[in-house]
Amino acid sequence: MHEQIVLTGQTTLRKNSSAIAGDNINRIIEMATGRDKYAKDTQTEIDDLCNKIENGKTELAAPFPQQDEFERLSLRSAELSHLLNEDVDSDEKEKSNLNFEKQRRLNAIFNGESDSLCAKYFFSFVKKEIQSPDDDWSDICDKKAITFLLDEGFSKDNVSNTIIKFSPTVPSKEDVHNMLEECTSRAASSR
């Protein structure tokens with residue numbers, strides 16, 4: 001036969017007991033002692049948690065030690081990020097404009113959009129070098145075209161203006177001038 005002992009107070013503890021009375025008294029004493037120890041341990045944990053909460057509130061109320069430096073670096077980071085994004089946008093716009101201009105010039109070449117004799121010779125040379133407006137054209141091709149046009153008897157000014165106006169590489173005047181000097185010096189040294 002088993003009986004159940006129930007101790008109530010701040011907490012309730014239940015324990016099964018046997019029918020032997022002597023053992024039950026010892027078990028009741030153990031339960032009462034265990035209940036008191038359990039209550040003390042629980043209270044200690046609650047006190048520790050309350051202390052941690054109070055310490056956390058104090059830490060949160062205190063200013064962040066590097067707050068000023070953090071704000072300064074955050075502002076600088078945002079500024080640099082903005083500048084980098086502007087550079088990317090302007091680089092992409094420039095690349096897009098360059099691609100558009102290159103395509104426009106290739107279309108002008110393949111459509112023969114010029115009355116200049118030098119330009120027409122240039123167009124025919126370009127059409128021999130590349131098969132369609134989608135093909136690639138490099139500054140090496142510009143140099144070959146300059147040599148071809150000079151060999152055909154066109155003046156440096158006509159050649160320079162034609163290359164600047166129609167070359168798919170969209171060279172600057174300085175680039176064309178340097179290519180002209182290189183091509184004429186190479187032609188003079190080969191004679």
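The largest nonpolar core holds 25 residues, of which Phe 122, Trp 137, Ile 146, Leu 149, Val 159 and Ile 163 touch the most other members. Such a core is a set of buried Ala, Val, Leu, Ile, Met, Phe, Trp, Tyr and Cys residues joined through side-chain atoms within 4.5 Å. Helix H2 (67–111), H3, H4, H5 and helix H6 (173–190) each supply at least two residues of this core, and H3 gives the most, with six residues. In soluble globular proteins, nonpolar side chains tend to be buried together.

The structure is a predicted model, in which local features need pLDDT of at least 70 and side-chain atom pairs count only at pLDDT 80 or more, while totals for chains, interfaces and linings use all residues. Residues are numbered from 1 along each chain as its sequence is written, and side-chain values use heavy atoms, with hydrogens and water left out.

**Overall layout and confidence**

The chain has six helices and two strands, running β-β-α-α-α-α-α-α from the N terminus on. Helices (H or I, at least four residues) and strands (E, at least two) are DSSP runs, numbered from the N terminus. Of the 191 residues of the chain, 21% count as buried; buried means under 20% relative accessible area, exposed over 50%, and partly exposed in between (1.4 Å probe, protein chains only). Among contacts in the chain with a separation of 6 or more, 49% come from residues 24 or more positions apart, where contact means heavy atoms within 4.5 Å.

The mean pLDDT (the predictor's confidence in each residue, from 0 to 100) is 78 for the chain, and 76% of its residues reach 70 or more. Confidence is lowest in strand S2 (residues 13–18), at a mean of 62, and highest in H5, at 89.

**Aromatic pairs**

Rings of Phe, Tyr and Trp (its six-membered ring) pair if their centres lie within 6.5 Å; planes under 30 degrees apart count as stacked, over 60 as edge-to-face and the rest as tilted. By this rule the count comes to five aromatic pairs, including the two in the table.

| Pair | Centre to centre | Angle between planes | Class |
|---|---|---|---|
| Tyr 121 and Phe 148 | 6.4 Å | 35 degrees | tilted |
| Phe 123 and Phe 166 | 5.0 Å | 90 degrees | edge-to-face |

Tyr 121 lies in helix H3 (residues 117–129) and Phe 148 in helix H4, so their pair ties together parts that are 27 residues apart in sequence. Tyr 121 is partly exposed, with a relative accessible area of 31%. The pair of Phe 123, in helix H3, and Phe 166, in helix H5 (residues 156–166), links parts of the chain 43 residues apart. Phe 123 is buried, at a relative accessible area of 3%, and Phe 166 is buried at 6%. One aromatic cluster is formed by Tyr 121, Phe 125, Phe 148 and Phe 154.

**Trp 137 and Asp 142**

Leaving aside residues up to four places away in sequence, Trp 137 touches several residues, among them Lys 102, Phe 122, Phe 125, Asp 142 and Pro 168. Asp 142 lies in helix H4 (residues 139–151). With neighbours within four places in sequence set aside, Asp 142 is in contact with Trp 137, Ile 163, Ser 167, Thr 169, Pro 171 and Met 179.

Asp 142 is buried yet has no salt bridge, a salt bridge being a side-chain nitrogen of Lys or Arg within 4 Å of a carboxyl oxygen of Asp or Glu. The nearest side chain of opposite charge, Arg 105, is 7.8 Å away; Lys and Arg count as positive and Asp and Glu as negative, whereas His and the chain ends are not counted.
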